[in-house]
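This briefing concerns domain contacts, the chain interface and aromatic side chains. Please keep the sequence and the structure in view while reading.

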Amino acid sequence: MIIKQLSIFVENKEGRLSEITQTLADNNVDIRALSIADTTDYGILRLIVNNPDAALSALKSEGMTVSLTDVIAIAVPDTPGGLNKAVKVLSEKNISIEYMYAFLNPRKDTAFVIMRVEDNERAIKALTDGGIRLMHNDEIYSL
Amino acid sequence: MENHYFQPEVECADRESLRALQSQRLREMIKRCYEKVPFYRKKLDEAGIKPEDIKSVDDIKRLPFTTKNDLRDNYPYGLFAVPREELIRIHASSGTTGNPTVVGYTRHDVDVWADGAARALAAAGCTTSDFVHVSYGYGLFTGGLGLHYGAEKLGAAVIPVSSGNTQRQVQILKDFGSNFLCCTPSYAAYIGETCRDMGVDTKEIALRGGIFGAEAWSEGMRENIEKLLNINAYDIYGLSEIAGPGVSYECPEKNGLHVCEDYFYPEIINPETGEVLPDGEYGELVFTCIGKEALPLIRYRTRDICALNHEKCACGRTLVRMAKPRGRTDDMLVIRGVNVFPSQIEFVLTGMGLEPNYVLVVDRAHNLDTLEVKVEMTPEMFSDSVKNIEAVERRMAAKLHTVLNISAKVTLVEPKSIARSEGKAQRIIDNRKI
């Protein structure tokens with residue numbers, strides 16, 4: 001149930017992002033989803049890819065500051081209130097969400113949401129009990 | 001660690017005979033300055049001092065000071081006390097502000113200087129069977145040739161690598177079996193990092209010690225270098241106006257630098273009033289070159305801030321110790337009226353377990369000075385959450401504030417993005433237009 005997300009430190013400097021994407025391309029890493037948290041001086045690039053371990057070692061060998069973060073992914077119906085149901089479940093159990101980002105599955109009427117929560121185990125249980133479908137890591141990596 | 005001395009008869013001399021030697025050399029020096037250097041004759045005449053008035057080192061406080069400006073005003077050779085045929089070497093310091101300062105040496109002076117550097121090497125445990133790897137720059141800068149002559153005088157074998165080409169430095173350290181490394185502390189740290197990046201295990205190379213100078217550095221920087229290179233790291237102090245590296249040096253106690261006071265007589269003064277300060281009080285370090293011929297400077301103001309300690313050292317040396325200088329007043333930044341030394345930032349970073357790779361950016365916004373400290377991100381500091389990274393920045397800023405007494409903005413930058421130095425590190429970018 002735990003998905004490995006790449007978290008990469010990116011200084012706000014011309015060309016930094018393209019160096020990262022170039023490294024990923026050179027190593028045949030396919031990006032499934034991404035988001036960037038930005039501040040004045042730097043950003044944190046968060047990526048879900050098909051092969052996190054290979055991407056990690058490729059970026060590390062380029063001297064980049066990168067780590068793997070445990071996140072969870074849920075599948076919600078792509079209809080009004082679809083996300084609300086899942087967020088409500090967590091809120092009722094007082095589980096805070098650090099950050100989240102979503103992407104659509106082009107083949108089905110489903111949206112996928114990546115979530116970084118304070119306690120993965122509790123969140124997985126709460127979501128499962130609340131009838132929310134959690135995605136398996138193979139399912140995400142092989143999209 | 002076993003104590004090694006190069007010249008125990010001087011390094012461990014009893015204070016009384018040392019003092020007699022100093023007084024005799026001072027008398028001869030003042031006489032020579034009065035006779036040979038018109039600048040000093042004029043200065044002494046103006047002060048109403050005749051050479052015969054100076055009888056012992058007790059009288060030194062009556063003598064006028066010499067400053068870096070005096071050297072610049074008499075550029076290049078105006079303060080030399082010997083004719084050209086007696087000179088065998090010229091060095092110069094970089095002239096970032098105005099003319100460089102030019103210094104000259106007779107054969108005797110080069111020998112005196114080599115004694116200082118040889119004493120430093122011996123104190124660090126270097127013997128005649130060791131290889132001394134000199135990565136200071138060779139040239140007008142005194143670092144390279146200073147340690148080179150010192151190592152030869154000691155009888156060790158010199159590997160004169162000079163600075164630069166850091167991967168090659170590592171290759172030579174490894175293949176040639178260098179036992180002692182001599183360079184600036186910032187370059188030593190860079191060589192250590194390069195060893196790590198090249199996968200060279202420093203436990204498997206022959207390096208035992210290092211002598212690092214030409215920059216002020218902190219105890220944290222010492223620990224960092226000792227860990228990176230798996231050696232004992234010693235400070236060496238000097239300035240070209242007085243001789244070069246070897247004016248003072250650390251012993252295995254690592255608790256102050258022994259001054260070669262048989263050649264260079266030290267005093268600490270209040271930089272405002274010129275008054276001589278007692279042992280333990282911090283002030284400006286002043287040297288009188290009682291043992292030199294070509295450039296015998298009287299009470300030269302070094303702009304270095306430190307304190308003296310005349311107690312006998314546990315290593316057996318009786319030579320006075322000077323505290324590790326906090327930095328030269330030239331390196332000092334005045335930000336919002338507060339004195340800031342780069343070594344203070346180094347102290348904070350190494351205290352947090354970080355490598356001291358940083359740059360200070362000073363600017364002025366709305367008539368107020370701003371200080372930004374750029375620090376490289378490490379895997380330990382990194383987090384996927386902005387909140388956590390900001391917490392690290394805030395913690396660092398709080399520590400800097402405690403040490404510096406002014407607030408600084410901390411900016412985390414990518415690893416290896418701060419330029420490494422092969423000589424004296426450039427730590428300051430001052431964008432203020434005043």
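Between domain 1 of chain B and domain 2 of chain B there are 8 residue pairs in polar contact, both residues at pLDDT 80 or more; a polar contact is a pair of N or O atoms within 3.5 Å, where within protein one must be able to donate a hydrogen and the other to accept it, and residues adjacent in sequence count only if both atoms are side-chain atoms. The model is predicted, so local features need pLDDT of at least 70 and side-chain atom pairs count only at pLDDT 80 or more, whereas totals for chains, interfaces and linings use all residues. Residues are numbered from 1 along each chain as its sequence is written, chains are lettered from A and ligands numbered from 1 in the order in which they are written, and side-chain values use heavy atoms, with hydrogens and water left out.

**Domains of chain B**

- Chain B is assigned a domain 1 (8–14 + 89–322) and a domain 2 (333–430), with bounds that come from an automatic or database domain assignment.
- In the contact between them, domain 1 of chain B contributes 22 residues and domain 2 of chain B contributes 15 residues, contact meaning heavy atoms within 4.5 Å.
- The centres of domain 1 and domain 2 of chain B, taken over C-alpha atoms, are separated by 27 Å.
- About 1400 Å² is buried between domain 1 and domain 2 of chain B, with 50% of it on carbon and sulfur atoms; buried area is the accessible area (1.4 Å probe) that two parts lose on being put together, summed over both.
- The interface of these two domains of chain B holds 3 salt bridges, a salt bridge being a side-chain nitrogen of Lys or Arg within 4 Å of a carboxyl oxygen of Asp or Glu.
- B:Arg196 and B:Glu355 form a salt bridge in which the closest N and O atoms are 2.9 Å apart.

**Domains of chain A**

- Chain A is divided into domain 1 (2–68) and domain 2 (70–141).
- Their contact involves 15 residues of domain 1 of chain A and 16 residues of domain 2 of chain A.
- A distance of 22 Å lies between the C-alpha centres of domain 1 and domain 2 of chain A.
- These two domains of chain A bury about 1400 Å² between them, and carbon and sulfur atoms give 58% of that area.
- Of the area that domain 1 of chain A buries against domain 2 of chain A, 47% is supplied by A:Ile2, A:Ile3 and A:Gln5, more than any other three residues.
- Across this domain interface in chain A there is 1 salt bridge; A:Lys4 and A:Asp70 form a salt bridge with closest N and O atoms 2.9 Å apart.
- The two domains of chain A also share 6 residue pairs in polar contact, both residues at pLDDT 80 or more.

**Interface of chain A and chain B**

- Contact between the chains takes 22 residues from chain A and 18 residues from chain B.
- The area buried between chain A and chain B is about 1500 Å², 54% of it from carbon and sulfur atoms.
- A:Phe9, A:Tyr42 and A:Thr65 supply 35% of the area that chain A buries against chain B, more than any other three residues.
- A:Phe9 and A:Tyr42 also form one aromatic cluster with B:Phe382.
- The interface of chain A and chain B has 4 salt bridges and 7 residue pairs in polar contact, both residues at pLDDT 80 or more.
- A:Glu98 forms a salt bridge with B:Lys387, with 2.8 Å between the closest N and O atoms.

**Aromatic rings and charges**

- The whole structure contains 11 aromatic pairs over all chains; rings of Phe, Tyr and Trp (its six-membered ring) pair if their centres lie within 6.5 Å, and planes under 30 degrees apart count as stacked, over 60 as edge-to-face and the rest as tilted.
- One of these pairs, B:Tyr105 with B:Trp113, is stacked, at 5.0 Å centre to centre and 20° between the planes.
- B:Tyr105 and B:Trp113 are both buried, that is, under 20% relative accessible area, with exposed over 50% and partly exposed in between (1.4 Å probe, protein chains only).
- The charged end of A:Arg46 sits over the ring of A:Tyr99, 3.4 Å from the ring centre; the rule requires NZ of Lys or CZ of Arg within 6 Å of the ring centre and within 35 degrees of the ring normal.
- B:Lys324 lies over the face of B:Trp217, 3.8 Å from the ring centre.
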